[in-house]
Amino acid sequence: MARIVHKYGGTSVAGVERIRAVAERVAAAHAQGHELAVVVSAMAGETDRLVGYCRELMPLPDGAEADVVVASGEQVTAGLLALALKARGVPARSWLGWQAPVTTSDAHGAARVLSITTTAMEAAMAAGEVAVVPGFQGATASGRVTTLGRGGSDTSAVALAAALQADECLIFTDVEGVFTTDPRIVPRARKLERISYEEMLELASVGAKVLHARSVELAMKHRVRLAVLSSFADAPGTWVVSEEDIVESQHITGVAYNRNEAKVTIVAVPDRPGAVAAIFGALADANINVDMIVQNIAHDRAFTDVTFTVPRTELVRARAVLEEARATIGFDRLIADESVVKVSVVGVGMKSHAGVAVTMFRALGERGINIQAITTSEIKISVLIAEEYLELAVRVLHSAYGLDAAA
Ligand code: ADP
Ligand code: ASP
Ligand code: MG
């Protein structure tokens with residue numbers, strides 16, 4: 001008998017029939033005598049719909065009230081799954097974020113899990129009741145509803161697995177595991193049997209949305225046994241493991257992309273100490289994350305241009321913040337480009353092999369794809385390119401690093 005956390009994503013609970021199928025899978029694990037907690041996402045498309053309502057009423061919605069609205073999608077599926085289980089004769093109850101409670105920071109829309117109280121839940125699970133937990137949501141210490149950021153149900157599941165000291169955390173989704181790249185873009189992507197926490201974290205951070213980055217970080221920190229697998233098939237998935245458990249590492253393990261990018265160029269910033277701090281200080285004060293940064297050398301030694309990226313979803317706010325600080329920063333104008341994407345290659349093998357970057361630049365250059373910005377880490381290289389080349393770039397890089405499955 002083991003204690004297991006399952007998590008089902010939006011497509012896996014996208015209607016009554018899918019929820020019945022999930023109940024069947026959960027019931028089978030329950031019949032084997034396991035203690036189970038099941039985390040669910042909102043039905044596919046539901047969170048977008050709820051976000052849309054909020055924006056219609058208030059273009060930059062109040063975070064606390066928006067969270068009340070968007071957290072409701074997961075409440076619905078949690079209740080429905082508990083009903084589906086009970087209808088099959090499996091004891092179950094839902095535990096909403098504020099009930100467990102899942103206590104989070106008060107950063108609405110991007111809250112972090114601080115603690116999860118599991119005493120009552122554990123007692124119920126030990127008595128044979130399945131705990132059904134809505135993902136994505138929590139509550140502040142003062143009782144306000146929060147959400148963990150888009151894709152955050154994975155993080156709910158891993159945080160719960162850590163709090164319950166579960167034997168494993170199984171993330172069920174609409175693909176059979178973690179692939180060398182998004183299998184919806186590259187049909188010849190290969191499923192990985194295992195991937196290291198480090199590489200998975202890097203892939204998730206640069207856009208591979210198969211796992212929420214924070215969930216991988218938590219799994220790594222608390223050594224949660226984590227797997228990604230399909231809720232639509234009975235195939236072995238991908239285990240996320242320690243680097244020592246990977247026998248042979250490739251130069252590049254995977255290719256990822258992120259469409260949620262916007263490029264901002266601040267034209268004619270005074271070339272003096274503190275100017276860059278003024279730009280990024282204003283953005284940081286507004287809680288806007290900046291990713292790639294390119295500062296050009298001043299042509300005439302008086303002014304320079306600074307280019308950087310922010311999430312596309314934050315561009316409106318970023319522009320407003322910078323325009324407001326224009327006098328203090330002292331720039332001429334701001335140019336924004338929303339038709340860019342970031343493509344990244346990730347692999348621990350990069351640490352010990354030369355020439356990995358040049359393979360990337362050459363492969364893109366040969367296809368006439370212009371690189372607008374570059375960033376690197378120890379195990380990652382990212383480039384910013386025009387959005388129209390996204391699919392071509394991912395395919396070309398996947399081949400260039402020898403990742404294609406045999407035809
Ligand atoms: P869920 O709703 O189950 O959380 P998501 O849509 O958040 O599912 O994540 C699964 C999707 O992630 C897949 O459908 C796939 O298109 C995408 N994806 C991106 N990169 C990868 C990758 N390297 N391996 C597998 N899936 C990936
Ligand atoms: N429903 C939320 C979202 O769409 C959380 C999740 O599915 O992980 O972002
Ligand atoms: Mg997801």
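In the predicted model, an oxygen atom of ligand 1 lies 2.8 Å from a polar side-chain atom of Asp-174. Polar contacts are pairs of N or O atoms within 3.5 Å. The side chain of Asp-182 likewise places an N or O atom 2.8 Å from an oxygen atom of ligand 1, and a polar side-chain atom of Arg-184 is found 2.9 Å from an oxygen atom of this ligand. Of the 570 Å² of accessible area that ligand 1 has on its own, the protein covers 88% (Shrake-Rupley method, 1.4 Å probe).

The surroundings of ligand 1 comprise 16 residues, the closest being Thr-173, Asp-174, Phe-179, Asp-182 and Arg-184; a residue is included if one of its heavy atoms lies within 4 Å of the molecule. This shell contains six nonpolar, five polar and five charged residues, where Ala, Val, Leu, Ile, Met, Phe, Trp, Tyr, Cys and Pro count as nonpolar, Asp, Glu, Lys and Arg as charged, and the others, Gly among them, as polar.

A nitrogen atom of ligand 2 is 2.6 Å from a side-chain N or O atom of Glu-74, and a polar side-chain atom of Thr-47 lies 2.8 Å from a nitrogen atom of the ligand. A polar backbone atom of Ser-153 is 3.0 Å from an oxygen atom of ligand 2. The protein covers 85% of the 260 Å² of accessible area that ligand 2 has on its own.

Residues are numbered from 1 along each chain as its sequence is written, and chains are lettered from A and ligands numbered from 1 in the order in which they are written. For this predicted model, local features need pLDDT of at least 70, side-chain atom pairs count only at pLDDT 80 or more, and totals for chains, interfaces and linings use all residues, while side-chain values use heavy atoms, with hydrogens and water left out.

Note on methods
A polar contact is a pair of N or O atoms within 3.5 Å; within protein, one must be able to donate a hydrogen and the other to accept it, and residues adjacent in sequence count only if both atoms are side-chain atoms.
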